[in-house]
Every structure is written in structure tokens, then in C-alpha cells.
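This report describes the fold of two chains and one contact between chains. The sequence and the structure are shown first.

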Amino acid sequence: MDNCMGQNKAQENRTQQGVTSTSCVGVQGARGGLSIALGATLKRDLLLMLRHRGEVLNPLVFFALVITLFPIGISPDPALLTRIAPGLLWVAALLAALLSLDSLFRGDFDDGSLEQLLLAPQPLAALSLAKVAVHWLLTGLPLALMAPLLGIMLSLPAGSYAILALSLALGSASLSLIGAIGAALTVGLARGGVLLSLLVLPLYIPVLIFGAGAVQAAIMGDGAGAHLAILGALLAASLALAPWGIAAALRISING
Amino acid sequence: MWAFIHKLGSPKWFYTISAKLQPWFWAAAAALIVTGTVWGLAFAPADYQQGNSFRIIYIHVPAAFLAQSAFVSMAAAGLVFMVWKIKVADMAATVIAPFGAAMTFVALFSGAVWGVPTWGTWWMWDARLTSMLILLFLYLGVIALRGAFSSRDSGARAASVLAMVGVINIPVIKYSVDWWYTLHQPATFSVTSSPAMPMSMWLPLLIMVLGFYSFFTALTLMRTRSEILRRESRKRWVRELVRETR
Amino acid sequence: MFFHTVFVRVYLFLNTVKGFFSYREPLGRFFFSEPGLYPDGSRQEAAAAATLSRIPTSEQGAFRVEFDAPLFCLERPLSLSLQARKLACERDDRQLFAELDVDITSGEIVRVEGPNGCGKTTLLKILSGQLSDHEGALFWNGRPMREVREAFLSNLLYLGHAPGVKAGLSPLENLAWYQALSGERSGENKRLDALENVGLAGFEDVPAGQLSAGQQRRIALARLRLTPRALWVLDEPFTAIDRDGVAALEATLLAHAGAGGCVIVTTHHELGASTRLRRLPLGQ
């Protein structure tokens, strides 16, 4: 109450002078400015995605649907399903992650926020990394957590569930990073969605090989450590390189 | 050195200098390819395992080499274009892309044809063929991305970025596919990694590879020249050139 | 001597590569930040009074008192300049402009004029450092743009055709993101003030998607009050704004220029006569 009154009074004062907000033109970007900007971008994107829950749920439903199609299309024979389950789960998860990729920058591009993101006095690579992190948190991670459930339906042997989830969690992070380059390249195009998959899918192949390989190795009892290590290495490499690619691609797309 | 690069960047200078270089590359390409073909098909000895069908190597291997080199040179041209804004580099990248895709297709097709006598089927998920297939998709992606932009400059820059991303990924893809292949088909006979080719088989192959590279250079020069004329058609020097040749 | 040349070449090359990726290292802040303009709370009032006294009385009269024009103070008011030399832009073989020199200093409102499709938006995008595929050079306070890009961006406020407002977020949340992007810690009072100033009091928590086009536009305009930036680049800011809002915005622009800031604007709305207004015709 007091606070409110004080504000009103101050406002009156300033109105009398014909001035309300007195502030200085100045250089921002004090130390810590980047972390504030990153935090706010994370928060904003999470908030937006959580307000449109459909966009979060759609890839998950798609994942479940595709997995349902395979036994119907091939055979319900558990022995056969066990054999092909690692690959099926990985391919379906990859496609589901791809599905949501197109909207990564599209909303921001359409309403002009992307221009403003590019003009922020912060490194664009870091800001775009924040956006990719949100994409992974709300797409890759849920897919990874859901995969063991679908693994049961494909009669995946019990010992490999943890490896399946872990490999998907690690791998989908690389997928989000690599895919974001493609999304950034196609965001300015009216029908970029199909093109996006053409650009991105060939680049996904190493991740698919080692991801599905990890699950396969876990089933065989070979130990999936090596595969997971390579997936981690791929993630580290994409973390180091992809942000620059995303930033360069966004600058191109904003040029139209 | 610096002045040289920027001079090379001027379309007019490139146009004149490439006119002088072009015939030499065409001549070299013709000589090498004819020699290599005749030598490889008629005089090289037949393979003790595969008989005469191995001779398809004289098409398959040079095409596969070129498919990969063309991608790398396309990415290099893209880098030059992005960093120094040299337009000729982008014109070269534009004309290399379809050529590289065509070479990839030739490598795939000859590989498939080779598969018939060797494996008894048109297609095997052989490591080399699989990587080639992925390379073809990468080429198609670059070409499609360039075409999708309404502004040529943006398309050029986008294609350059994608080519660079692709070129970083090609070794990763290649090694992971090799690894995947050995995991799934450990004991299959691989066509091209047959040990220690005798000199009489190897030399014509080398000649063919060199011939293909000369052909690639000559064709790239020629098509870049026409691309220059197309893009610079409003510039004064092109108009004068047209007037002179009439 | 030879090694020196090599070193210089390598340095230049790395700089070019750096420029291509537009990578700005944190150290750059220390080396490249502008000495000219600092927010300084203690001297605000005095400086404000000083700047106010510099505005010609005729313009002061143009302020509507209830409009609450913002006032920005500059420590060194004349240190602000944006220069473009020999700008040329070609879009797919169509020459938009060539040999264009632009000089903008403190206290100016530059109105970019010309028929549709003459490259007004492109020029604004070049001047705000968004487009790189043009010829010519940009200088901010006399220094090449590439060197001082971060300092330039932290002094720039750009409003494009699209308002940059997220339909799924409330006006308050929209502004919070912009505040944070410039590295400022959240100050809700400032945001509320800014929204009130553009006539959005009472709509603070309504999702922006439920507001009218004009109101969404006003959210974007609230950014003019939110974070103090010296250079405003506004592309058709009067679109979808009602008559009162137009007058208010016009006064805001004048006040900003009066306080030593500068404004580059394209608009089809005729701005009132002012000594600060300068026209930049394009497409002749």
C-alpha cells in the first residue's frame, strides 16, 4: 500500500515536470548480462511450450503411434520384434524429434522475435543454444523416458531398458543440436518442413548407428559402454560446433 | 598473395584466365581417359577371382573419388564465399553441386552393376555403397536448399553453410557406417579392398582417376564461365564481350 | 620482417573468420565498450534538466504534459554518431541504392523516404547491423562497426515490421524477455511503468494474442521506455496505432532526439515540422 502510494506520488511529481521515466542512455552488458539473458530465454521458451501442451505431447503420441504400426505391418511375433526393436525404437524416436524441429525457430521468425534475438547484445550462439536446450528438454528427454514403455510392447529384453533411455537421452541431444542447424537454415522458407528432413536426416545417421548399436549391444550382453561413450563424444562435438552453425544459419535466414 | 586472391575473385579476371586454362584441362582429360579406358579394358589382366567383371573398377573408383572430392571442393568454395565474399567461389560451388551428385550416382550405379556378378544381387548394404547413398542425399539437400530460397544470395549462403556442415560430417558418417557394416556383416567379401593390386591393374586405375579429375576441373571451369556470363549479364564488360563476338 | 607480415596476415585472416561467425568474445566488452555513455543515477536529475533546457522552447511546447515523454540523458551528448559510407545494396541484380552516405548524430530524427520497394526497410536493416551482404562501411562513434558491434547493439533499439511480441505471453512477460536480453536484471516496476505509458494499464496479464493488433504494436512500443537505448531504428512504427497514440509516439521521438538520442524512422505518416527532423530520400 505504502509502496503504491509512493509510486503514485512520484508519478505525479514527474508528470508535473512533464517527465516520467528518467533514465540514462547507456551501455548495458555488464558482467552477468549473458546469464540473465540466457535464463530469461530458457524461461520464456519453457513457458511458451508449456502453454501449448499439444506441441509437447504431439511428438510423444506420434512416437507411440509409429511403434504401434510396426507389429501390425510386420508381424506380432515376439521373437522377431525383439530382434528389430532397438532399431525401430530409435528410428521412430528420431522421426518424432524431427517432427517438432520445424517449429523450433518458426514461431520466433513469424512474429519478429527472431530479429530481436539477433540484435540482442549477447552472443547469438549462446542464445540459440538456450532455445535448443528447451527443445531437448521438452522433446528428446520425454521421448527417452517414454521409450522403455514402448520397449515392453516390442518385447525388448528387460535388461536393456536403462540403456535404451540413456542412449536416447544422449543421442537426442545431438539430434536437437544438428537438427537446429537445419531448422535455422529453413526457417525463412515458406514450406521448409519437408526440406528440413532432407537436410537433416543424412546428418543423423552416425547418431542412429551408435544409439541403436548401444541397445543392441545391451541385448547381446556385450556391454554398451563403448557405444554410449561415442554418443557422448558426438554430443560433445555437436555442442562445440553446432551453435556457430545455428548462429550463422539464423543470420542468413533473417536476410530472407 | 592477397592481391592474387582478390584478383581471382573478380569475375572478369577469372573469365579471361580460365579461357586460357580450359583447353589444357580438356586435352589432358581426353588423353588420360582414353588411355586409361583402353588400357584398363583391353590390356590389364583379368582378376583371378572376379574375372573380367572387376574392370568396372575403372569407372567406379574414379567416380567415387570424385564424388567425395567434389563435395569437399564445394564446401571449400562455400567457405571462401562466406569469408571473403568472393562471388566466383559461389558460382563454382553452384556448378559443382550437380556434377558431384551425378558422380555419386555414377558410383552408386556402377557399384550396383558390379554387385550383380559379385553378390548376385543389384543392391547390398555394403559399407561403401551405403556411404555413397548418404553422400547422394547430402548433395540433394544442398541443391534443394539453394533452390528453395527466393533470394539467390541467401540461397548461396545457406548452401555454403550446409556444405560446410556436411563436410565436417562426412568422415563421421563414413567411419560410423564402416563400423556398422563390420558389426552386422563381419565376413562378407568386400569388392574394392582386395589386397595388393598388381601394377598392371593399378596403373590404368591411377590414369583414370587423374583423367576424371582433369575432366572435373575442365567442366567446372567451363560451367563457371557460363554462370559468370549469366549472373553478370548486366555488367558492362559482359555487354562489350557480347558485342565483340557478334 | 617476413614473420611480421605472416603474423599480420594470420591475424587479419582470423579476424575475417571471426567476423564471419560473428563471434563476440566476452573480453571484447572490455576492449570495445564505448566510453561515451554511462547510466549514472546520481547525475540524472541535473543532466535531465540540462538537456531539457537545450530543447528549443517551441518543441517543448509540442509535448503534451499528460503524455509523459521519456527523457534520456547523455554524459557526452555529442559523442553519438552513426555513419555509413558508400553503401550499396543489390538484391538479386536489382540495385536498391548505391554510393549512399548517411550521417546521423545526436539529436536528430532521420526520416527515410521513398516509394514502396525502394529499399527503405533494407536500409534500416543495414543501418541496424542485421544485413551483411552490402557494400560500404558502417561506423559507430567513428569506429568500424565490426569492432564495436556489441557496444552498438547495446545502444540500439530496432522495431521491425513484425512487432516481436509473443502471442502466448502476457505483455509483462514479453517485456521481461526484452529487459533480460539487454542484460538487465528484472525490474517489474519499470515494465509496469512502460506499459502504462503506452496505455496498456490493466492489460498487463492478458495474453498478447487476445489483444488487438494496435495493442500488440503498443507492447512493442513500450520497449522505447523500457530499456534506455540511444539509437532508435523504427520501421513503420505508426502502423495500426490510433490517433492519440500517433501523437504520443511522435512526441516521444522528438523528446528522445531532444535528449540527445537519435531516431531513424520510415513512415508514411507525415511527421510534424521540427528543426530536428531531417529527410533522407531514397530511390531517386
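Chain A comprises ten helices and one strand. This is a predicted model, with an ipTM of 0.84 and a pTM of 0.82. Along the sequence, the elements of chain A follow the pattern α-β-α-α-α-α-α-α-α-α-α. Chain A has 256 residues, of which 52% count as buried. Among the contacts in chain A with a separation of 6 or more, 80% are made by residues 24 or more positions apart.

The contact between chain A and chain B draws 20 residues from chain A and 23 residues from chain B.

The most is given by H9(A), with ten residues. In composition, the side of chain A that touches chain B has 16 nonpolar residues and four polar ones, and no charged residue.

## Chain C

Chain C contains an open sheet of five strands, ordered S7-S8-S9-S4-S10, with parallel pairing. Its edges are strand S7 (156–159) and strand S10 (277–281) of chain C, each of which pairs on one side only. On average, and with direction ignored, neighbouring strands of this sheet are turned by 15 degrees against each other.

Within the sheet, strand S8 (residues 231–235) and strand S9 (residues 262–266) of chain C are joined in the parallel sense over five bridges. Which residue in S9(C) is the bridge partner of Asp235(C)? The partner of Asp235(C) is Thr266(C).

Helix H10 (residues 243–258) of chain C lies across strand S4 (109–113), S8 and S9 of chain C. Relative to S9(C), helix H10 of chain C runs at about 145 degrees. In the order of the sheet, S9 of chain C stands between S8 and S4, and these three strands are the ones that helix H10 of chain C lies across.

Terms used: Residues are numbered from 1 along each chain as its sequence is written. Chains are lettered from A and ligands numbered from 1 in the order in which they are written. This is a predicted model: local features need pLDDT of at least 70, side-chain atom pairs count only at pLDDT 80 or more; totals for chains, interfaces and linings use all residues. Two strands pair if DSSP finds at least two bridges between them. Helices (H or I, at least four residues) and strands (E, at least two) are DSSP runs, numbered from the N terminus. Axes are lines fitted to C-alpha atoms, for helices over the stretch in contact, and angles run from 0 to 180 degrees between N-to-C directions. Two residues are in contact if their C-beta atoms, placed from the backbone, lie within 7 Å. Ala, Val, Leu, Ile, Met, Phe, Trp, Tyr, Cys and Pro count as nonpolar, Asp, Glu, Lys and Arg as charged, and the others, Gly among them, as polar. A residue is buried if 20 or more other C-beta atoms lie within 10 Å of its own, exposed if 12 or fewer, and partly exposed in between; C-beta atoms are placed from the backbone.
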